[in-house]
Amino acid sequence: MKITAVNVYPLSAPIREPFRFSQARVGTRVALLVEIETDEGIVGWGEGYGPPRLLASVVENYAELLVGADPLAGDAIWEALYNRLRDHGQKGVVIQGLSAVDIALWDIRGKAFGVPVHRLMGGPLRTEVQAYATGLYLKDWDDPAIGLADEAAGYVEEGFKAMKLKVGFGIDHDVQMTDAVRGAIGDHAALMIDANHGYDAVSAIALGRRIEHHRIGWFEEPVPPEDLRGYREVKAALSIPVAGGECEFTRFGFRDILAERMFDVVQPDTCAAGGLTECKKIADMAAAFGVRYVPHVWGTGIAIATALQLLAVVPRNPPGLYPNEPMMEFDQSEHPFRFEVTPRISHRDGIVQVPTGPGLGIEVDRDAVMHYRMG
């Protein structure tokens, strides 16, 4: 089998109700999809997490190495592509583009052998995953505390046992919103917070101390990703577990983070940190260092299916009858084409099944892809 073509599809669509997190206001959802064709008629799809047009240019740069290559040669291709642009980007959009290619190649391999990706990766260790709802962004409500409380209560009614609140809008504001959400969901649902690196260590610690009594599941990205000393300070000062890593890339980027246990929970995005090939290695490293692994997920159904294939083989941590099972981030914010380009992936009482069809286990609607393609 040989690769015959590499196609890129930057997608975009406005949303009806814009929302904010600590770094930006979101009024448009975007994605970069990659399609790889072969001479045997098998097609693989992948997704990159990052600026679509920039990622598209990276993937197009890789294409001349890919066309004519054997798509079953996974690690060999990954290393060749990584080295192609190694001098210019061991992180960021270069690796995000590589991630999309890698995922598409895994999709081809699964389809070629007629099995889901997780079987080729040695699994499954689990066939279903507990999901937590990502939402609770700041919107243009008259009373944000009421708006967030109502949204959070709705997630509990849907069956979610855990959810994540966006913070980073000022300490007093965040304390008020956390109080409101915890009051709305009760004591039995897990509540995490995510500052999207909106604070320095001093402010993050101050916020954490004021909300520790709410039994926060983790404090995600309390400080900028470059501030690893700040992560250490926050981790040492609070009883709340510290999470991060969606802005880190490859096993090389996570090596010191894991060896020095800077985070309690690492969160590589499979569509950004190096694809399935690399994120399985990061997950194995995390298990070796006793650090929990919960991937970041914020894309289309392709990204969700990819994360589920990986979650099926994330090592148990610690091994035994009662491990800390990884959770699935399940974005509930508005996304016009998340399940237009693929069939809907649903939860039932907060549980999501790992797809069992060949490859990623999903089919892509080409008409929907073309409808949302950027001009």
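Which residue lies over the face of Trp 298? Select Trp 298 and show its side chain: Arg 29 lies over the face of the ring, at 3.8 Å from the ring centre. Keep in mind throughout that this is a predicted model.

Next, select Phe 252. The charged end of Arg 86 sits over the ring of Phe 252, 5.8 Å from its centre.

The model has eight aromatic pairs. One of them joins Tyr 231 and Phe 263, with 4.3 Å centre to centre and 45° between the planes, a tilted arrangement. Tyr 231 lies in helix α8 (residues 228-237) and Phe 263 in the loop between α9 (250-259) and β9 (265-266), so the pair ties together parts that are 32 residues apart in sequence. Tyr 231 is buried, with a relative accessible area of 1%. Phe 263 is buried too, at 4%.

Now select Val 266. Leaving aside neighbours within four places in sequence, Val 266 is in contact with Gly 244, Phe 254, Ile 257, Leu 258, Ala 286, Val 291, Arg 292, Tyr 293 and Val 294. Val 266 also belongs to the largest nonpolar core, which has 88 residues. Within this core, Leu 165, Phe 219, Val 266, Tyr 293 and Met 328 touch the most other members. Colour helix α11 (residues 301-311) as well: this helix gives the most to the core, with eight residues. Another core, of 30 residues, lies apart from the largest one, and includes Val 6, Leu 32, Trp 78 and Leu 105.

From Met 328, move along strand β11 (residues 328-331). Met 328 and Phe 330 point one way from the strand, while Glu 329 and Asp 331 point the other way. Are these four residues buried or exposed? All are buried. Show strand β4 (residues 128-134) beside β11: the two run parallel and are joined by four bridges. Tyr 132 stands opposite Glu 329 in β11.

Finish at helix α3 (residues 93-113). Its 21 residues reach 31 Å from the first C-alpha to the last, close to the 30 Å expected at 1.5 Å a residue. How many of the residues of α3 are buried? The count is 17 of 21, and the helix is mostly covered. Select the residue that follows α3, Gly 114: its phi is positive, near 70°.

Terms used. Residues numbered from 1 in each chain as written. Predicted model: local features only at pLDDT ≥ 70, side-chain atom pairs only at ≥ 80, totals over all residues. Heavy atoms only, no water. Buried < 20%, exposed > 50% of the residue type's maximum accessible area, 1.4 Å probe, protein only. Pairing = 2+ DSSP bridges. Expected span 1.5 Å × (residues − 1). Phe/Tyr/Trp six-rings, centres within 6.5 Å; stacked < 30°, edge-to-face > 60°. Lys NZ or Arg CZ within 6 Å of the ring centre and 35° of its normal. Core = buried A, V, L, I, M, F, W, Y, C linked by side-chain atoms within 4.5 Å. Contact = heavy atoms within 4.5 Å.
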